[in-house]
Amino acid sequence: MTPRRWFVTGTDTGIGKTLLSSAMLSLLAGSGLRAVGMKPVAAGLEQIGDGQWHNEDVTRLHEAGNVDAPLALRCPYLLRAPMSPHLAAKDEGVRIALQPLLSAFAQLSARADAVVVEGVGGFCVPFGDDLDSADLAVALGLPVILVVGLRLGCLNHALLTAEAIRARGLVLAGWVASLVDPLMLAPQANLQTLRARLGAPLLGIVPHLAQADAAQAARHIDLRALRATAAHAARLAAVQVPEASAAPA
């Protein structure tokens, strides 16, 4: 069986990556699979009623899945300040390293049938001086799902991101349109342009929702198109990242 593992990235921050990742988890769990979400690096914590600190994205991913994995695996690097991870990590004296991320992913993969890894911000967000989100995607070797925030400028952002993904030898398995600006001019014309130029299946169009609810967003997503690219992506991952599937140290 082709592994159900994906890396979700976006054209920017705040364009619906967590909503799409949660919707995917909701669909996968609803189909009877053991599904878990991973946010390798999260920056931005708030204190909840019991005095505990939490990150909203990490919480939403956990609620959408059905595997009760430890937080240390679901989010190995949880940083306080809501800023670029390399800056938040520097403030806390933390060095974000690749191996703990790969180890956590391998352990989650052993616990679940499906793993959705949500990146941070855009595709190339820095984690440190010598590591960024794109490096992690390459190391994991997963097929990539691109969330395109529909607003002015999205065509350039989407096409550049798709180019960066493919330039690193990764498979762009599909993309999702997220209508983040309900007042955007000519949304259908922009969608038509993206359909013609991205060269990957459109998995859905998520409208602007009053509340970012995974179950509601899931109604606008169809994951069946991922089957067209899954086999190729799995072969590519087996060649590129054998260490990601190895037993953790």
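Gly 149 is found in strand 10, which covers residues 144–149, and its surroundings are described here from a predicted model. With a relative accessible area of 3%, Gly 149 is buried, since residues under 20% are counted in that class. Although Gly 149 and Gly 10 are separated by 139 residues in sequence, their C-alpha atoms lie 7.6 Å apart in space. When neighbours within four places in sequence are set aside, the contacts of Gly 149 are with Thr 11, Ile 15, Cys 154, Ser 178 and Val 180.

The protein chain as a whole contains 10 helices and 12 strands, and 50% of its 249 residues count as buried. Among the contacts in the protein chain with a separation of 6 or more, 77% are accounted for by residues 24 or more positions apart.

Two of the helices were examined as a packed pair. Helix 5 (residues 98–111) packs with helix 6 (residues 133–140) at an angle of about 45 degrees, and the axes of the two helices are 11 Å apart. That angle makes helix 5 oblique to helix 6, and the crossing in which helix 5 passes helix 6 is right-handed. On the side of helix 5 the contact is made by Leu 98, Leu 101, Leu 102 and Phe 105, while helix 6 contributes Leu 136, Ala 139 and Leu 140.

The length of helix 5 agrees with expectation, because its 14 residues should span 20 Å at 1.5 Å a residue and its end C-alpha atoms are 21 Å apart. Within helix 5, the buried residues are Leu 101, Leu 102, Ser 103, Ala 104, Phe 105, Ala 106, Leu 108 and Ser 109. The elements that cover these buried residues include strand 1 (4–10), strand 2 (35–38), helix 3 (71–74), strand 6 (77–79), strand 7 (114–122) and helix 6.

Helix 6 is likewise mostly covered, with 6 of its 8 residues buried. The buried residues of helix 6 are Ser 133, Ala 134, Leu 136, Ala 137, Ala 139 and Leu 140, of which Leu 136, Ala 139 and Leu 140 also take part in the contact with helix 5. The cover over the buried residues of helix 6 includes strand 1, helix 5 and strand 7, together with strand 8 (126–128) and strand 9 (131–132).

Note on methods
Residues numbered from 1 in each chain as written. Predicted model: local features only at pLDDT ≥ 70, side-chain atom pairs only at ≥ 80, totals over all residues. Heavy atoms only, no water. Axes fitted to C-alpha atoms, helices over the stretch in contact; angles between N-to-C directions. Helix = DSSP H or I, 4+ residues; strand = E, 2+ residues; numbered from the N terminus. Parallel < 35°, antiparallel > 145°, perpendicular 65-115°, else oblique. Left-handed = near helix turned anticlockwise from the far one by under 90°. Contact = heavy atoms within 4.5 Å. Expected span 1.5 Å × (residues − 1). Buried < 20%, exposed > 50% of the residue type's maximum accessible area, 1.4 Å probe, protein only.
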